[in-house]
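Reader: Before I rely on any label attached to this model, I would like each one set against its cut-off. Could you take me through them?

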Amino acid sequence: MDLPMILNISMLLTLATLLTPLLSPLLVKNYKNSPSTIMQTVKTSFLISLIPMTLFIYLGMENITYFWEWKLATNFKIPLNFKMDQYSLMFFPIALFVTWSILQFTTWYMASEPQITKFFLFLLTFLIAMLTLTIANNMFLLFIGWEGVGIMSFLLIGWWHGRAEANTAALQAVLYNRIGDIGFILCMAWSATTINSWDIQQLSPLNQTPLLPLIGLILAATGKSAQFGLHPWLPAAMEGPTPVSALLHSSTMVVAGIFLLIRTHPMLHSNPTALTLCLCLGALSTLFAATCALTQNDIKKIIAFSTSSQLGLMMVTIGLDLPQLAFLHISTHAFFKAMLFLCSGSIIHNLNGEQDIRKMGGLQKTLPTTTSCLTIGNLALMGTPFLAGFYSKDLIIESMNTSYLNTWALSLTLLATSFTATYSIRMSLLVQTGFTRTTPTILINENNPAITNPITRLALGSITAGLLITTYILPTKTPPMTMPTTTKTTAIIITLLGILLALELSKMTHTLIKPKQNPLLNFSSTLGYFNPLTHRLSSTQLLTTGQKIASHLIDLSWYKKMGPEGLATLQLKAAKISTTLHTGLIKTYLMSFALSILIILISSTQ
Amino acid sequence: MNPQAKFLFTTSLLLGTTITISSNHWIMAWTGLEINTLAILPLISKSHHPRAIEAATKYFLVQAAASALLLFSSMTNAWYTGQWDITQLTHPTSCLLLTTAISIKLGLVPFHFWFPEVLQGTSLTTGLLLATALKFPPTTLFILTSPSLNPTLLSLMAIASTALGGWAGLNQTQTRKILAFSSISHLGWMTIILIYNPKLTLITFYLYCLMTIPIFLTLNTIKTLKLTTMSTAWTKIPPMTATLMLTLLSLAGLPPLTGFLPKWLIIQELTKQEMTSTATIIALLSLLGLFFYLRLAYCATITLPPNSINFMKQWQTNKSTSMLITIFITLSIMLLPLSPM
């Protein structure tokens, strides 16, 4: 039993299985894909991917494959380099499981879509790109996956391309991702010129990595993972269909930035400045997103902001120099976030397209499975003890409390944790409890197993995933074991405070008084004034500078006024003055002659 | 005009010119100039309209003043040096006064004001005489006294003449005034090189006369006194407008034509004398002249006038063109290969 070969083959088989729906129409005559075949393909792929995962868990076996070089220059080779290590071997089954559930849900959600097969193929292409990103060992292959997920995100967000907001949102996603790509290419250029390789392994032996490539990587992560500064695209991406939001913008694509930082962690490890930067950026992102989520009324936007907040938390973990913990959070987060999105999708479709939580209520009786899973998801998100989120989130907060770091980042993260609880409870209360605020003429049911099965599967994952992963994967760094009781229970206390606050506030809303506007409410509901400021300001500045310098200064002033036209105007002036001098009066002429002679005589006798 | 009177005046002109250019004594030079002034006056005012009379009056006043100044300068020189030789004019004040006197006679800036108006008041043939023949004696005097003249003054007047000839000529629609300003401009070129190489002044003057004569004669043949008339000139004698264009461009100084020669030689001489900036300035200022020459050529040949023309060519031709115009046109276009190096 050649186990390394089995590991290799099963991973490659996983990828090959996913490629079959894309390649079969080219190879087989009259082959027609269908949504169910694609879903079955992904399910098969998931089952196959369990083999390498098991091999890794029981034997700790990791693998790097290296074949087929692209010889770009004589001394610079770019191979097809797969790294099957802890991260990629764990990520594959999780991503495939989540995708399988989402695809099953999509067969119900997008049933009335005429181009549903194309949609499934898009999702599949996205998945392949994401998995390529995960398994890549050199930055070139990673970049291929990176760009692939970016493009698919664009295509999928703008799926309903007749809608103007969807197009704007898709463009926003691409542009913000592109800004991040600049950082990625910066790092690639640096490593190509310094180390003459794009292998991630070869980046680590440096004692003190210079700050430049790390800034590039952090910029790339900011763009892809919607950290503060390049974040507006994530809430806007909710314009896409719910399966897209579930797959891309909760579990897989947005974690690509964090995944990059996890992969290149040895470089970050040696540079404290970069780590501090990650920490502060993450803390800021998590608090900002949590603040914005407090006053949102669209259910998908709330979940989007909660994703953004959790991404900030992952960035904080990177800043704490704990990549494995960040990966753990990625894994557990995938489950409950995808489930939250699927639940919201079910609610939206059943309420005939209603996304505003102010117009939902009392759904617990009509959609029992969905709402129960919604509650489970929210509890997992908040870090309820022994659900999935607890294992990663609590560990992060414990590590943060016991490490020697920036107090500001610490306090921001704790505040964000309590806000997480607040907005989750608010969402649950408004959606599930209370009197019904929906229109009476809708049919609500979840009789279709295509709805309930994926959601319950993911709920199972949300409950057990944390326990399973932490049991079977040993941490490479020893987690903090001893700390004071208050420190240990900080996360829970803060979460409880948040819950209590939410409950108290929701009691206040039963008295039907119109909420008064105050600056804090305005700040939160306009998402921190970020969008209008940056989108309008930067483009106006750029355009006016372009007009001033290119059009006015260069074209108009130098080429025209200083050049031909200016010269012509001068000559015209001179010609006009000269003609007015010739008055025709002989006395004036003779007088001028006399004067000129006098001047000549006087000036030359000096 | 009465043919005998005309004969008398023309021969007096010849006499006056000859006396001046062949004189050694200042009084003889003055005499020749006075004869010229008096002889040309009736020719200017031969058509008795007020403009011609006014032109004649202005001409007389200006020229008389100039001659008086000339006499005065030669007298002060005689007082200081005791001799009346033209080439021995050494006293500085005399030189200055002489320079101003001759500038007035020629029409250099700032003494040029009379020239456009006088030229506008006369017919084209008399204008031709004014622009070419009557400039000859003063130019001769300049050349004879050139070693003792003040270079700064001459250069200033020359550059100013070229400049003003260009700028003022830009705003004119009457062809005679345009030709007056072109004359002033060419006088500037002649004056700039006077100190350094009087022979070049002479060659410039000759070539200027050579090129101006066909223009005046052409304009006389097709009877265009304004730009508007110029645009219908092609109906009279079509080949003449084509040659007019070439002659005008030659006057502007365009290379394969004759007019390039004086400018070329002058610029060469100036650079040899380390006066490159002067050469650049004067060359750039003559570009202004190019513009109105081009405008004349454009109106004559390249455009059609806005008024409608019912016929291709006028059936009546009032004069047959003389051989004279043909000869001068040919010379003013083709003479560059004969340049003396």
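Author: What follows is a series of questions about labels, each answered by a value and a definition. The model is a predicted one, in which local features need pLDDT of at least 70 and side-chain atom pairs count only at pLDDT 80 or more, while totals for chains, interfaces and linings use all residues. Residues are numbered from 1 along each chain as its sequence is written, chains are lettered from A and ligands numbered from 1 in the order in which they are written, and side-chain values use heavy atoms, with hydrogens and water left out.

Reader: What makes up the secondary structure of chain A, and what does its C-alpha trace span?

Author: Chain A has 25 helices and two strands, where helices (H or I, at least four residues) and strands (E, at least two) are DSSP runs numbered from the N terminus. Its C-alpha trace spans about 115 × 70 × 65 Å along the principal axes. Of the contacts in chain A with a separation of 6 or more, 82% join residues 24 or more positions apart, a contact being heavy atoms within 4.5 Å.

Reader: How much of chain A counts as buried, and what is its accessible surface?

Author: Buried residues make up 55% of the 606 in chain A; the term means under 20% relative accessible area, with exposed set at over 50% and partly exposed in between (1.4 Å probe, protein chains only). The accessible surface of chain A is about 27100 Å², and 70% of that belongs to carbon and sulfur atoms; such areas come from the Shrake-Rupley method with a 1.4 Å probe, and for residues only the protein chains shown count as cover.

Reader: Why is Tyr31(A) called partly exposed?

Author: Tyr31(A) has 31% relative accessibility, and therefore counts as partly exposed. Tyr31(A) is located in the loop between helix 1 (3-27) and helix 2 (35-59) of chain A. Together with Leu19(A), Leu23(A), Leu26(A), Leu27(A) and Val28(A), this tyrosine forms a nonpolar surface patch with about 590 Å² of accessible area. Patches take residues with over 30% relative accessible area and no salt bridge, joining like charges within 9 Å and nonpolar side chains (Val, Leu, Ile, Met, Phe, Trp, Tyr) within 5 Å.

Reader: What makes the pair Lys488(A) and Glu398(A) a salt bridge?

Author: The closest N and O atoms of Lys488(A) and Glu398(A) are 2.9 Å apart, and the definition asks for a side-chain nitrogen of Lys or Arg within 4 Å of a carboxyl oxygen of Asp or Glu. This pair links distant parts of the chain, with Lys488(A) in helix 20 (residues 485-488) and Glu398(A) in helix 17 (residues 388-402) of chain A, 90 residues apart. Lys488(A) is partly exposed at 37% relative accessibility, whereas Glu398(A), at 5%, is buried.

Reader: How many salt bridges are there over all chains, and what is the N to O distance for Lys560(A) and Glu565(A)?

Author: There are eleven salt bridges over all chains. Lys560(A) and Glu565(A) meet in one of them at 3.7 Å, N to O; Lys560(A) is partly exposed at 35% relative accessibility, and Glu565(A) is partly exposed at 38%.

Reader: Where is Leu430(A), and what does it contact?

Author: Leu430(A) lies in helix 18 (residues 407-432) of chain A and is partly exposed, with a relative accessible area of 23%. Leaving aside neighbours within four places in sequence, Leu430(A) is in contact with Ile357(A), Met360(A), Gly361(A) and Arg437(A). The C-alpha atoms of Leu430(A) and Met360(A) are separated by 6.7 Å, although the two are 70 residues apart along the chain.
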